[in-house]
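Me: I would like to learn how to read the local features of a model. Please take them one at a time, with the general idea before the case.

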Amino acid sequence: HVQLVESGGGLVQPGGSLRLSCVVSGATVEYYTIGWFRQAPGKEREVVSRISMTPDSAIWYADSVKVRFTISRDHIKNTVIVQMNSVKPEDTDVYYCAADMNHRIQVTSEPRDYDYWGQGTQVTVCT
């Protein structure tokens, strides 16, 4: 049974940093595409970043977070991490990690293509 558990959210001031972690159990992170998404109340869930399975390990970022966010994978801890720097008020959302278990040739950013989801962690950016 695959489970994803996010942590690291919280309250941060604009310009600050947060480190979100997604611990995966029941699957090895390097063998699947792991995505980070975010969602505000009343809005659709949108992809923030993703890292594809090895050997490609292709990394992709939404334009809104490029340069500021960094995704990485820790094979020992079976965890995917997003380092959020220079955060902005518009980064306020619930952040989710998700796993695509289908070994797609074409990596996807569509939430409907991801099979397992964590419970989410709240990120709030304000003064």
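Reply: Start with one side chain in this predicted model. Glu110 has a relative accessible area of 37%, so this residue is partly exposed.

Me: With which residue does Glu110 form a salt bridge?

Reply: The partner is Arg112, and the closest N and O atoms of the pair are 3.3 Å apart. Arg112 counts as exposed because its relative accessibility is 69%, over the 50% mark.

Me: How many salt bridges does a search of the whole structure find?

Reply: The search finds eight. One of them links Arg104 to Asp100, with 2.8 Å between the closest N and O atoms. Asp100 has a relative accessible area of 3%, so Asp100 is buried. Arg104 is at 30%, which means partly exposed.

Me: Which residue meets Asp63 in a salt bridge?

Reply: Lys66 does, at 3.1 Å from N to O. Asp63 is exposed because its relative accessibility reaches 65%. Lys66 has 44%, so Lys66 is partly exposed.

Me: Now the cysteines. What is a disulfide?

Reply: In general, a disulfide is a covalent bond between two cysteines, made through their sulfur atoms. This structure holds one disulfide. The bond runs between Cys22 and Cys97, with an S to S distance of 2.1 Å.

Me: Where do Cys22 and Cys97 lie in the chain?

Reply: Cys22 belongs to strand S3, residues 18–25, and Cys97 belongs to strand S9, residues 93–100. The two are 75 residues apart, and the pair links distant parts of the chain.

Me: What is the handedness of the link between Cys22 and Cys97?

Reply: The link is right-handed, with 75 degrees about the S-S bond.

Me: Are Cys22 and Cys97 buried or exposed?

Reply: Both cysteines are buried. Cys126 has a relative accessible area of 32%, so Cys126 is partly exposed.

Me: Next, the backbone. What phi and what peptide bond do most residues have?

Reply: As a general rule, phi is negative in most residues other than glycine, and most peptide bonds are trans.

Me: Which residues are joined by a cis peptide bond here?

Reply: Thr54 and Pro55 are, with omega at about 5 degrees. Pro55 sits in the loop that runs between strand S5 (46–51) and strand S6 (59–61).

Me: Why does Asn78 count as buried?

Reply: Asn78 counts as buried because its relative accessibility is 14%, and buried means under 20%.

Conventions. Residues numbered from 1 in each chain as written. Predicted model: local features only at pLDDT ≥ 70, side-chain atom pairs only at ≥ 80, totals over all residues. Heavy atoms only, no water. Disulfide = S-S within 2.5 Å. Helix = DSSP H or I, 4+ residues; strand = E, 2+ residues; numbered from the N terminus. Buried < 20%, exposed > 50% of the residue type's maximum accessible area, 1.4 Å probe, protein only. Salt bridge = Lys/Arg side-chain N within 4 Å of Asp/Glu carboxyl O.
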